[in-house]
Amino acid sequence: MGTDHIKIAEVVHKYHKNILILAFTYTKNIQDAEDIAQDVFLELWKRQPDFESEEHRKAWLLRVTVNKSKNLLKSFWKRNRGDFVTESGAMAETDLDLIQAVISLDKKYRLPIHLFYYEGYSIREIAELLHEKETTIGTRLERGRKKLKEILGGDYYG
């Protein structure tokens, strides 16, 4: 039992920031993102699935994060309360202007941008994770980049 807790703690330490930012990308609310991150790690602890590789573990964690974020956004509670976007210490390390610009994008652009640039996934992997076609993801990345350039002005994002 003790070694399971150590393994979970290592996974939390390794992936907490990734999950928090992905959930924040969906919800635009740091408190909701923190709740989702806790739920994701609780799900990992309860299920304790066997993973083929570390990349498989990361993909599973991100998929669970996406699903829990979608579920929250569909919930009665979320639809009937206001959003309060706040900054968190974990997120303060990143470029806040860029994160705010990414978050301002429509979800169909926001998620591929996040997964491609922040998580390092390929277009094929993003398509699998989001259950979309590769060409759709490529188009959304291209359009999302153009929108970011408009928001940030100039060549900020590459």
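Q: Which residues are linked with K14 in a network of salt bridges?
A: K14, E54 and R57 are linked in such a network, where a salt bridge is a side-chain nitrogen of Lys or Arg within 4 Å of a carboxyl oxygen of Asp or Glu. This is a predicted model, in which local features need pLDDT of at least 70 and side-chain atom pairs count only at pLDDT 80 or more, while totals for chains, interfaces and linings use all residues. Residues are numbered from 1 along each chain as its sequence is written, and side-chain values use heavy atoms, with hydrogens and water left out.

Q: How far apart are the closest N and O atoms of K14 and E54?
A: They are 3.7 Å apart, and the pair links distant parts of the chain, 40 residues apart, with K14 in helix 1 and E54 in helix 3 (helices are DSSP runs of H or I, at least four residues, numbered from the N terminus).

Q: And E119 with K58, which parts does that pair tie together?
A: Their side chains meet in a salt bridge at 3.5 Å, N to O, and because E119 lies in the loop between helix 7 and helix 8 while K58 is in helix 3, the pair ties together parts 61 residues apart in sequence.

Q: Is E119 buried or exposed?
A: E119 is buried, at 8% relative accessible area, and K58 also counts as buried, at 13% (buried means under 20%, exposed over 50%, partly exposed in between, with a 1.4 Å probe and protein chains only).

Q: Switching to R110, where is that?
A: R110 is in helix 7, residues 107–118; R110 is buried yet has no salt bridge, the nearest side chain of opposite charge, D106, being 6.6 Å away (Lys and Arg count as positive, Asp and Glu as negative, and His and the chain ends are not counted).

Definitions and conventions. Helices (H or I, at least four residues) and strands (E, at least two) are DSSP runs, numbered from the N terminus.
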